[in-house]
Amino acid sequence: RSWRAEGTIKDDPQWLTGRKPMKRGYLSFAGSGVDSRSTEFFFAFRDLQLGGSPWEVPFAVLVGDQSYHTLDSFYVGYGDLPAFGGNAPKQGLIYNQGRTYLEPNFPDLDYIERCDILAASTALEW
């Protein structure tokens with residue numbers, strides 16, 4: 001948990017507008033207020049009406065059909081976070097207990113084990 005000592009991540013400049021909501025395939029840090037982002041991020045599984053707050057700024061986008069195929073294969077049966085009416089794992093328990101909480105209580109949960117970063121010249125335009 002040494003990452004906690006590093007503090008939070010400052011918000012990026014907001015480039016989304018009401019006309020350009022967060023799109024399917026965008027990756028964004030999760031936050032709860034100005035400059036509150038840390039290690040949590042999420043994939044937009046569908047177009048979302050997010051992007052109006054300073055911390056709702058995508059930092060990456062999935063590239064290629066294989067990436068979207070992988071996104072569509074994630075298990076989503078637990079739904080959203082409990083705060084949004086779902087049955088997904090509770091963030092505080094993830095922070096405090098990690099896999100000892102997740103594995104027995106959420107056996108169908110998928111884990112990201114690898115991520116390849118493409119050079120900017122190979123990425124698609126957002």
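**View 1. The largest pocket, with E40, F41, F42, F43 and L81 nearest its centre.** Its lining runs to 39 residues, and β2, α2 (91–97) and α3 (99–105) are the elements that give two or more residues to that lining. Helices (H or I, at least four residues) and strands (E, at least two) are DSSP runs, numbered from the N terminus. A pocket here is an open set of points on a 1 Å grid over the protein atoms alone, where a 1.4 Å probe fits, with protein on both sides within 12 Å along at least five of seven lines; lining residues have an atom within 4 Å of a point. This is a predicted model, so to speak: local features need pLDDT of at least 70, side-chain atom pairs 80 or more, while totals for chains, interfaces and linings use all residues. Numbering starts from 1 along each chain, and side-chain values use heavy atoms, with hydrogens and water left out.

**View 2. F41 and F43, an edge-to-face pair.** Rings of Phe, Tyr and Trp (its six-membered ring) pair if their centres lie within 6.5 Å, and planes under 30 degrees apart count as stacked, over 60 as edge-to-face and the rest as tilted. For F41 and F43, it's 5.9 Å centre to centre and 65° between the planes. F41 is partly exposed at 40% relative accessible area, whereas F43 is buried at 19% (buried is under 20%, exposed over 50%, partly exposed in between, with a 1.4 Å probe and protein chains only).

**View 3. Y101 and F106, also edge-to-face.** Their centres sit 5.5 Å apart, with 70° between the planes. Y101 is buried at 7%, and F106 is buried at 9%.
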